[in-house]
Amino acid sequence: MKKNSIHFRFSEFILALFLIISGVMLGFSSGKFVVNFNSVGFTVFSSMQKGVSYVADFFTGTVTAVKEMAELKKEYEILSKKLADYEYLERSVSEIKKENERLKELLDYSQSIQYKSISAQIIGRDPDGLYSGITLNKGAKHGIKKGMSVIAIQKGNSGIVGKVVTVGAFTSLIMPVYDTHCYISARIQNSRDIGIISGQGAKSSKLDLSYIRKSIESEIQTGDIIVTSGESDNYLKDIPIGRISKVSKIDYESSLLIEVDPIIDFARLENVIVIDNTQINKDYVAE
C-alpha cells in the first residue's frame with residue numbers, strides 16, 4: 001500500500017507539470033499570455049537606452065558648460081582689463097584737462113599783472129619746520145628771490161598765498177599767510193580801514209585781523225573782503241586775502257577781534273605765481 005501511494009503522487013506531479021507546460025506553450029502560440037515577454041524586454045531595453053542617453057547628455061552638457069564657462073571667464077578678464085585701461089585713460093584725460101585749465105588761469109592772470117611773474121608748482125609741505133613751509137619747484141635759477149610775494153588762482157579768484165623766505169638754486173620755500181610768523185598789512189575793502197592779518201598756524205584755520213577800531217563796528221559785516229594794503233614792499237596792492245567770518249569785541253581791548261576765512265583753499269593748492277615787483281611784465285595787458 002505504501003508503494004502504490006508514492007507512485008500515485010508522482011503521477012499527479014507529472015500530470016500537473018505537463019498541464020503547466022502545455023498552458024505556457026499555448027500562451028506563446030496565441031500571443032495572449034498574461035505576461036508579454038516581448039513587451040517586457042523592449043521596455044527594459046528602451047529604459048536602459050534612455051538612461052545611457054541621459055548620462056551621456058549630462059556629461060556632454062557638463063563638459064560643454066565648463067568649456068563655455070572658461071571662455072566666458074577669459075572674455076570677462078579681457079573686458080575688465082579694457083575697462084580698467086579706459087577708466088585710467090579717462091582719468092588721465094580729465095586730469096590733463098583740469099591741469100590745462102589751471103595753467104590757463106595762471107597765464108591769463110600773469111598777463112594782467114604789471115610786474116614780472118614766475119609760475120611754480122608746489123612739491124612739498126613742511127608743517128614741522130620753523131615755518132609752515134610750502135616748497136616750490138622753482139628757485140634762484142628761475143629768478144625767484146627772498147621776500148617776493150606769492151599769489152594763486154582758484155576758480156577764477158586770485159588770493160595771497162604768502163611770501164618767499166628761503167631760496168635755493170632750483171627750489172624755494174614759502175611762508176604761507178596762515179603761519180603764525182606771517183604778518184600782512186591789510187585793508188577792509190569796503191571801509192578802507194587798515195589792520196594786520198596774521199595766521200593761526202594751520203592751513204585749515206582762520207586768519208586774524210587786528211588793530212581795527214571799535215568805532216567802525218557798524219560799518220563792517222561778515223562777508224566783507226580783506227585785501228592787501230600795498231603799503232609793504234612785499235605785497236601788491238588790493239590782492240584778496242579773505243572774507244570776514246566773525247566780528248567780536250572785548251571791553252578791555254581797544255580793537256575789534258575779527259576772524260577771516262582765507263580766499264585760498266590751501267588743502268587744494270597746487271600751482272602758484274611768484275611776483276617780482278622790481279621788474280615790469282613785458283606781456284602786461286592793461287584792462
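Residues are called buried under 20% relative accessible area, exposed over 50%, and partly exposed in between. The views below show a predicted model.

**View 1. Strand 4 pairs with strand 5 in the antiparallel sense.** Strand 4 covers residues 157-167, and strand 5 covers residues 172-176. The two strands are joined by five bridges. Lys163 has Met175, in strand 5, as its bridge partner.

**View 2. Strand 10 is paired with strand 9 and with strand 11.** Strand 9 (residues 225-228) and strand 10 (residues 240-248) run antiparallel and are joined by three bridges. Ile225 has Arg243 of strand 10 as its bridge partner. Six bridges link strand 10 to strand 11 (residues 255-262), again in the antiparallel sense. Here Ile244 is partnered by Val260 of strand 11. A hairpin of six residues leads from strand 10 to strand 11.

**View 3. Ser255 of strand 11 is a buried residue.** The relative accessible area of Ser255 is 16%, and this residue is therefore classed as buried. When its neighbours within four places in sequence are left aside, Ser255 is in contact with Tyr211, Ile212 and Lys214.

**View 4. Arg213 and Asp193 form a salt bridge.** The closest N and O atoms of the two residues are 2.6 Å apart. Arg213 belongs to strand 8 (residues 207-213), while Asp193 lies in the loop between strand 6 (183-188) and strand 7 (194-198), so the pair ties together parts that are 20 residues apart in sequence. Arg213 is partly exposed, its relative accessible area being 47%. Asp193, by contrast, is buried, with a value of 12%. The model contains six salt bridges, counted by this rule.

**View 5. Asp261 and Lys206 are joined by a salt bridge.** Their closest N and O atoms lie 2.5 Å apart. Asp261 is located in strand 11 and Lys206 in the loop between strand 7 and strand 8; the pair therefore ties together parts that are 55 residues apart in sequence. Asp261 has a relative accessibility of 31% and so counts as partly exposed. Lys206 is likewise partly exposed, with a relative accessible area of 30%.

**View 6. The side chains of Glu217 and Lys249 meet in a salt bridge.** The N to O distance is 3.2 Å. Glu217 is placed in the loop between strand 8 and strand 9, and Lys249 in the loop between strand 10 and strand 11, so that this pair ties together parts that are 32 residues apart in sequence. Glu217 counts as partly exposed because its relative accessibility is 27%. The loop that holds Lys249 is the connection of six residues in the hairpin between strand 10 and strand 11.

Methods:
Residues are numbered from 1 along each chain as its sequence is written. This is a predicted model: local features need pLDDT of at least 70, side-chain atom pairs count only at pLDDT 80 or more; totals for chains, interfaces and linings use all residues. Side-chain values use heavy atoms; hydrogens and water are left out. Two strands pair if DSSP finds at least two bridges between them. Helices (H or I, at least four residues) and strands (E, at least two) are DSSP runs, numbered from the N terminus. Buried means under 20% relative accessible area, exposed over 50%, partly exposed in between (1.4 Å probe, protein chains only). Contact means heavy atoms within 4.5 Å. A salt bridge is a side-chain nitrogen of Lys or Arg within 4 Å of a carboxyl oxygen of Asp or Glu.
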